[in-house]
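Please look at the sequence and the structure before reading on.

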Amino acid sequence: MFIAIARPAVEPQGPDAVAVPGSPAIADLSPRALHARLLENAALRRQRGQERLRSNRMADADYWLNAAPVAIRKASALREEKSFAPLP
C-alpha cells in the first residue's frame, strides 16, 4: 500500500522551529530576566502546592512544594555564575 506524505500547509520559519505557527519567537533572556523568571516560577509552584494542600490532594501538594526549591537553587546558581552588577 502506498501512502503519500503531504507537507503541512504552514511551516514554521525563524529560530523557533517547534513553535506553533503565528506565535511570537522566544527571545534570549538576559541573566537578570531569567533570574526573575526562575523566582516567579518558584513562587507559582509554592502557590500550587498550597492550593493542593487546601484541596486535600497530598501527593500533588508534595510534588509542587518539593519542586519550588529546585527553581530557587537554579536561580541562586545563575546569580553566582553571572555575578550580577548591583542595581542602580
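A residue is called buried under 20% relative accessible area, exposed over 50% and partly exposed in between, with a 1.4 Å probe and protein chains only. By this definition arginine 52 is buried, because its relative accessible area is 18%. This is a predicted model, in which local features need pLDDT of at least 70 and side-chain atom pairs count only at pLDDT 80 or more, while totals for chains, interfaces and linings use all residues. Residues are numbered from 1 along each chain as its sequence is written, and side-chain values use heavy atoms, leaving out hydrogens and water.

Arginine 52 lies in helix H1, where helices are DSSP runs of H or I with at least four residues, numbered from the N terminus. Leaving aside neighbours within four places in sequence, arginine 52 is in contact (heavy atoms within 4.5 Å) with Arg57, Asp60, Ala61 and Trp64.

The table sets out the two helices, with an expected span of 1.5 Å times one less than the number of residues.

| Helix | Residues | Expected span | End-to-end C-alpha distance |
|---|---|---|---|
| H1 | 24 residues | 34 Å | 35 Å |

In H1 the buried residues are His35, Leu38, Ala42, Gly49 and Arg52, and they pack against H2. In H2, Ala61, Trp64, Ala67, Ala68, Ala71, Ala75 and Leu78 are buried, and what covers them includes H1. An α-helix has 3.6 residues a turn, so residues three or four places apart point the same way.

After H1 comes asparagine 56, with a positive phi near 60°, and after H2 comes serine 83, with a positive phi near 40°.

Conventions. Helices (H or I, at least four residues) and strands (E, at least two) are DSSP runs, numbered from the N terminus.
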